[in-house]
Amino acid sequence: MVNVPTYKVYEPGEIIFNEGDIGDCSFFIEEGQVEIFLDRDDKNHTLAVLGENEIFGEMAIIGKLPRSAGARALTRCSLGIIQKEQLSDRMKEADPVIAMIIRVLIQRLRREVIGPQAEDRRKKQTNEDEKRRLKVIRTTTAEEEKYALGKIKMEALLRNAIPNNEMEMHFQPIIHLRSGRVAGFEALLRWNNPASGLVYPDSFINVCEETNLIIPIGRWVLEASCQGLARIQKRVNLSSVAALPFVSINVSGRQLHDEGFFDCLERARTSAGLKPQQIKLEITEQIFVQGQRALEWAEKAHFLGYTLALDDFGTGYSSFQYLGMFPLDFIKIDKSFIMKMLEEEKSLVIARAIVNLGQNFNIPVIAEGIEDAAHAQNLISMGCDYGQGFYFSKPASIEDTIKNYQQKKKQSAA
Ligand code: CMP
Ligand code: MG
C-alpha cells in the first residue's frame, strides 16, 4: 500500500483542484472554508461555500468522471483526505440498486451544475488519453447498471410469481442407503417464469433474500412442501417408501427473522395431516453468525418436534464448535465432494472425514450428489447413512414423483 497523507493544508486563495481535473480523492473540511466555483466567460461563479465537517470532491470519485467544479481555499484550510478506494470499495459493497441510484443522482446533479452544453463541450475538449480512460471506466459502470436493473426487473417479476401460480415444489428422494428405501424427500423450489422457463433457486434466491420477498416466498414453500408430501403419502403406498416419510425444507438465514415462521409451519403441517417428525428443516452454516437468535430458533424447532439438517456441510466457514453447541440431527455432505470423490483423492478424504465426524457425534449423514452406483457403494462402505442424487432420482414435480413410484409398483408387481 502506498503511504498517503491523511491531511493537507491549503493557504487562502490556493486552488485545491480545477473543473475537469481527474480526481483521485475526496476531502472533508477539518478547518477553514472552501469555495466551489465555476469559471464561465472569464467570470467566477460561486456555487457554494463549504465549512467544517462538510465533504466535497465525492462526485468525481463515485461518478467516475472529471471534477464537476473547481475548489479553492477561502481561508487557511486543513483538509482530511478520503482515498478513492474508501468510497469506491463501499460502492462495490453497497446494494447494487442503491449504488445505481447514487450514480444517477450524481449525474443529474452534474448536469444541473455545469449545464448540458458545457458537458458536451467538455466531452469534445478532453484529450485522447483522458477519453480512453473515461471509456474504460464507463464500460464497467454500464455493466453494473445492467446488473442492478436486471435485479430490479427480477424482483418485480418475483413479486407476482406466487399470485400468478408460477412457483412449484419439486421433490427429490433421500434414500436410506443400506435398505434402499426412500426415507423422505427434499423439497426444491422451482420458478416457472413465463419469460425464461424453469428457473432454479440459485439464480433468484439471493434477490429474495436481499428484499423481503424471502418471507412470503418462504412461507409459501412451507405450505407447498407439506401439501406435496401429504399428496405423495396418500397416493403412493409402497414398501420402498418409509411408513412415515419426511420432507426436508430449505430455510434461509433471513427467515429466522420471520416471527410467524413456526405458526405458519404448524398450520401447514397440521392441515396436511403430517406428524412433526416428518418435517426436517435444512439450514446452512451461515445461520451460525446469528448466534443466540439461531440457537433459540433451533431449540424452538426441536420443541415443536421437527428435526434439523446442516446443509452444504464442508463448504462454509463454520467452526467445529457449532457442531457441539447446535442441536443438529443430520449433516448433509455437499455434492461437490461426492461428485469428485472417485477422481480426486482429496474429495474422498473429506467425504470420509465428514462421515466419521457424524458417527462420532452420533449424527446421521446424508450424502448429496450421488451420480452412480460406485458413489453409493463407496459411501455405504464408509458407513454413510443416507444418500440423494441423480443416481436414485432427479428432482421431479409432485405428480411425476407419484407416477414414478406407481410405475415402480406396477413393475415390481409384474
Ligand atoms: P467533484 O465533481 O469530485 O469535484 C467538485 C466538487 O464540488 C463535487 O465533486 C462536489 O463535491 C462539489 N459540488 C459540485 N456542485 C456543487 C454544488 N452545487 N454545491 C455544493 N457542492 C458542489
Ligand atoms: Mg438443501
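Tutor: The shell around ligand 1 divides into 8 nonpolar, 2 polar and 2 charged residues. Keep in mind that this is a predicted model. The residues surrounding ligand 1 are F17, I36, A48, F56, G57, E58, M59, A60, R67, S68, A69 and V113. Helix α1, residues 58–63, gives the largest share of that shell, with 3 residues.

Now the polar contacts. Ligand 1 has an oxygen atom 2.7 Å from a polar side-chain atom of R67. For S68, a polar side-chain atom lies 2.8 Å from an oxygen atom of ligand 1. A60 uses its backbone instead: an N or O atom there lies 2.9 Å from an oxygen atom of the ligand. How much of ligand 1 does the protein bury? Taken alone, ligand 1 exposes 460 Å², and the protein buries 86% of that.

Turn next to the metal. Ligand 2 is a magnesium ion, and its protein donors are E186 (OE), N250 (OD1), E282 (OE) and D311 (OD). These donors lie 2.1 to 2.4 Å from the ion. Their spacing in sequence reads E-x63-N-x31-E-x28-D. E186 lies in strand β10 (residues 182–193) and D311 in strand β14 (residues 307–313), so this pair ties together parts that are 125 residues apart in sequence. Are E186 and D311 buried or exposed? Both E186 and D311 are buried.

Three further residues round out the picture. Take F337 first. F337 sits in helix α11, residues 335–340. Its relative accessible area is 12%, so F337 is buried. Beyond four places away in sequence, F337 touches F313, G314, T315, S347 and I350.

S347 belongs to helix α12, residues 345–361. S347 counts as buried because its relative accessibility is 4%. Setting aside neighbours within four places in sequence, S347 is in contact with F337, K340 and M341.

F390 lies in the loop between β17 (386–387) and β18 (396–397). Its relative accessibility is 47%, so F390 counts as partly exposed. Apart from neighbours within four places in sequence, F390 is in contact with Q172, I370, E371 and P395. Q172 is 218 residues from F390 along the chain, yet their C-alpha atoms are separated by 9.0 Å.

Finally, the whole chain. How many helices and strands does the chain hold? The secondary structure comes to 14 helices and 18 strands. The chain has 414 residues, and buried residues make up 46% of them. Consider contacts between residues at least 6 apart in sequence: 71% of these join residues at least 24 apart. The chain exposes about 22,000 Å², with carbon and sulfur atoms supplying 52% of that area.

Terms used. Residues are numbered from 1 along each chain as its sequence is written. Chains are lettered from A and ligands numbered from 1 in the order in which they are written. This is a predicted model: local features need pLDDT of at least 70, side-chain atom pairs count only at pLDDT 80 or more; totals for chains, interfaces and linings use all residues. Side-chain values use heavy atoms; hydrogens and water are left out. Donors are N, O and S atoms within 2.8 Å of the metal (3.2 Å for Na, K and Ca); water is not among the atoms, so sites may look incomplete. Helices (H or I, at least four residues) and strands (E, at least two) are DSSP runs, numbered from the N terminus. Buried means under 20% relative accessible area, exposed over 50%, partly exposed in between (1.4 Å probe, protein chains only). A residue is near a molecule or strand if one of its heavy atoms lies within 4 Å of it. A polar contact is a pair of N or O atoms within 3.5 Å; within protein, one must be able to donate a hydrogen and the other to accept it, and residues adjacent in sequence count only if both atoms are side-chain atoms. Accessible areas come from the Shrake-Rupley method with a 1.4 Å probe; for residues, only the protein chains shown count as cover. Ala, Val, Leu, Ile, Met, Phe, Trp, Tyr, Cys and Pro count as nonpolar, Asp, Glu, Lys and Arg as charged, and the others, Gly among them, as polar. Contact means heavy atoms within 4.5 Å.
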